[in-house]
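Reader: I have the model open and would like to understand the labels attached to it. Could you set each one against its cut-offs for me?

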Amino acid sequence: MEVTSKLQLGRANSLAGRIGNAWWQERHCLRRMPLRQRGSGPPAVWRFCAVKLSLLTVCLAATAPWAETMKPLVDLNLNRSLQNAGTLGGVGELKEYAPGEGPAFCRGVSKWGVSFAASSRGGGSLMTQAGGGVEVPAPGLDGVTQLTLALWFQPLGENSVARLLFFSPGWDLFVSGRQVTFKTKHAGVDTGFSVQGDAKAVVEGAWNFLAVTYDVAAGTATCYHGGPDQPARVVAEWTGVPLPDMGGMVLTVGNLGGIRPFRGLVDEVRVYDQLLTADAVEALRSSTVQARPSLRDYAAHAVPRSLFSHADACFSTRFKRPEAPEAWKSFDTNRLVWVYTNDADYIANAKAAGIESFQSAINSIMRVDDEAAYCRNLEGERVVAPWMVAFDKKNPVYWGCNNQPAYLDKCVESACKALDAGADWIQFDDWSMIVSAYGWGGACFCDRCLAGFREYLQQNLSAEQTKELGIDDLAAFDYKAHLAAKHQLTTDKDYRAQRGKLPLEAHFQQFQRQSVREFFQELRKRLEAHAGRRVPLSVNSTLMHPEQRNNFCADIVDFLLGETWQPDFTKTVICTKVADALGKWQVFSPIPRDLQDTRRATAAAYALGHLPLVPWDIYMGSDATGIQPRYFGKPEEYGDLYRFVKDNAELLNGYETPASVGVVVNTDKYDAGAIAAVCSRLLENHVPFAFALAGHSSYDSSLTAEQLKGFDTVIRVNPPDDFTPADRAALEAAAEEAIVLSPRELTPASLEPLSLLRYWGPNDLVFLPRMQTDGTTNRLLLHVLNLNQNPTDKSPVPVKWTSLLLRLPAMLGPDLT
Ligand SMILES: [Zn+2]
């Protein structure tokens, strides 16, 4: 039974039985060596920052190295392992005393720890089994004359008489609310010693460091308490502690006999057979709380990008409209993009008026005299995109084939004229060429595509595969003839109806993607040969769907300038995080269906470190019957957003998004739902994150251990088998330093330590941190995005009465100025 009252026992008698134990004496002396110490972590505290909901800056400084201590008897770092790294050795065991209430590994105070959060109660007086425990064989602890017990624990909810450590029958350590008690059992009678009064220091829901030094012979004990940011201090000194009974075999962490479960988290359990000095206790505390990189370290890992700055205002007039200059000036525009012109005067005038870069454009529907330049369906007909039928009914806008030299020549000629006229960059619209035409037009079966597909198969199929796919003679292979002979498909209609089941279609599509890649590589080469410089190239695409099968040229282009409806915020986040990981800019060309949605998307793009296009001269859709009127936004509708960015340019330019968490995104086996769910959880919990991309089907995007180790925590959405052996090896190597979690492990307990801040107020307020990568200032920029809207007219709802707790030491390093 448990007794927590003090009992006075005769010391002399109790000691007598032990004095004669020579083995005991020898051990005692050997372990009295002084502790080595190499410096301790600096103290730090949580800082409260009352902030206005606007751009704000905070100062911070670097972290310091950690201390180390001597070898203990028991050393459980609990890094997904129950190995006792102390001198006693051995392996512990996770015990589930009540079904479903067992312990599990979780984020600890240093890397991994053990969670007992599933326990149905914390302590209590019931005699029924509850919770779990970690049982460690430790007969070598029995009879030790000097003891130091130390651990980190985080109580979750109520814990009353809940066991932290239990070494039956001799001694145990338990928590009751804010109070800690150390207890010994002597001659079958329990005597407890508690921390009293104001010294009761246990903080619920936070990591607590606890150490008890116990001089068995003297009957004295000292209790220390500390936290991640508080040095260990003495909270109680006890005398007359009775000698513990002998016979102990097992050290239990987190329970007593399965009936006094601790509910919460435990990490870094140590037991020494010596009395640690106060300095040594503090050294142990500071060395076991993990020295995590600061957000500034993470910001320094941002992939550098060129061309744009964060405060740029980008404007497009699709052709040289006379009213355009006045409009772009009214939005403080500094970059013109996606303009179909090669008029040298127009470009020169724009630059004279302060435009820093001018981007001309080409596309998939340019007029070419040579009819061979165009895509063909199975019946040999040229194809028109369904949304372009109304563009010109008399003279249809046929779709070009990227495998036709005449089409490439036309693209090069047109772009070179623009470059000669002073254009700096080139945009390519409808960039996916035959991949797109395949989708809606059943193309392309032109002579070049048929020859190209034959070559592709010759290079990629084994003899066995060739036979399996029903190809008789690969040297003479013609897919059109093959479809007729083997599948009786000769019409476009029949082919499109049945192609989903055809064995060669996956290869056909992959050939098409590769050929579009080759087209852009060749286009780039020829433009640069002409211009004698790098010619930045963009395509009309967004990374909302980052799969390599969709965005198969993302590595070739310099940035993406893509039309988009206003998606939900999470999709915009995914898009920009993919762009960040690729080191590309995402410029959004909005399709404004709603003023407030477009304003919100504009603000979001800037807050996420990317760029929105001014909503002016915007294509609003078309079909076979007609074209929607183009959209021209007005300065009174959007001008304030662009002014805000210009006014805060010095807080935007030169800053990048830091990320302590890396989400591994497999762009070959992309799980859109799972990625969106993970992003939502991280956003809700104010966890700054970045993506690490793994994909190889169109271009090589490999994981590296170095890249992943730069994160505190890595979230692996796909199962290991979804990765290539090299990517898997990088993940395994990273797991030696970073925490690697699956989405189902994103529990409140695992997310809490990763959170940059705590926020009380309306939902849909997003805090996006940015920092300078060159370390010239110690400023953290927190970009606050208010997504709250009035349900009737979607107008923004002002946010009042909010509180923000910025966890500076946890995320930004402990030494603040
Ligand atoms: Zn073709």
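Author: Gladly, starting with burial: buried means under 20% relative accessible area, exposed over 50%, and partly exposed in between (1.4 Å probe, protein chains only). This is a predicted model, where local features need pLDDT of at least 70 and side-chain atom pairs pLDDT 80 or more, while totals for chains, interfaces and linings use all residues. Residues are numbered from 1 along each chain as its sequence is written, and side-chain values use heavy atoms, with hydrogens and water left out.

Reader: Why is Val109 called buried?

Author: Val109 has a relative accessible area of 8%, and buried asks for a value under 20%, so the label applies. Val109 sits in the loop between strand E4 (104-107) and strand E5 (112-115); helices (H or I, at least four residues) and strands (E, at least two) are DSSP runs, numbered from the N terminus.

Reader: What does Val109 touch, leaving aside its neighbours within four places in sequence?

Author: A contact means heavy atoms within 4.5 Å. Beyond those neighbours, Val109 contacts Trp152, Trp207, Asp267, Glu268, Thr288, Val289 and Gln290. Also, 99 residues along the chain separate Val109 from Asn208, yet their C-alpha atoms are 9.4 Å apart.

Reader: How do you know whether Ser541 is buried or exposed?

Author: Its relative accessibility is 9%, so Ser541 falls on the buried side. The residue belongs to the loop between strand E21 (537-539) and strand E22 (559-564). Apart from neighbours within four places in sequence, Ser541 is in contact with Trp431, Asn551, Leu560, Leu561, Gly562 and Gln586.

Reader: What makes the arrangement around the zinc ion tetrahedral?

Author: Four donors are tetrahedral if all angles lie between 85 and 135 degrees. The 4 donor atoms here subtend angles of 100 to 121°, so the arrangement qualifies.

Reader: Which protein atoms are the donors of the zinc ion?

Author: They are the SG atoms of Cys401, Cys444, Cys446 and Cys449, at 2.1 to 2.3 Å from the ion. Along the chain, the donors of the zinc ion are spaced C-x42-C-x1-C-x2-C.

Reader: Which peptide bond at Cys444 is cis?

Author: The bond joining Ala443 and Cys444, with omega about 10°. Another cis peptide bond joins Ser168 and Pro169, where omega is about 0°; Pro169 lies in the loop between strand E8 (162-167) and strand E9 (171-176). These deserve a mention because most peptide bonds are trans, and most residues other than glycine have a negative phi.

Reader: Why is Asp764 called partly exposed?

Author: Its relative accessibility is 46%, which is between the 20% and 50% limits, so the middle class applies.

Reader: And why are H15 and H16 described as roughly parallel?

Author: Helix H15 (residues 595-607) and helix H16 (residues 635-647) pack at about 10°, with axes 10 Å apart. Axes are lines fitted to C-alpha atoms over the stretch in contact, and angles run from 0 to 180 degrees between N-to-C directions. Angles under 35 degrees count as roughly parallel, over 145 as roughly antiparallel, 65 to 115 as roughly perpendicular and the rest as oblique, so H15 is roughly parallel to H16. Residues making the contact include Leu595 and Tyr606 of H15, and Tyr638 and Val645 of H16.

Reader: How do the residues of the contact of H15 with H16 divide?

Author: Into 7 nonpolar, 2 polar and 3 charged. Ala, Val, Leu, Ile, Met, Phe, Trp, Tyr, Cys and Pro count as nonpolar, Asp, Glu, Lys and Arg as charged, and the others, Gly among them, as polar.

How values were computed:
Donors are N, O and S atoms within 2.8 Å of the metal (3.2 Å for Na, K and Ca); water is not among the atoms, so sites may look incomplete. Four donors count as tetrahedral if all angles lie between 85 and 135 degrees; four count as square planar and six as octahedral if opposite donors are over 155 degrees apart and all others between 65 and 115; anything else is irregular.
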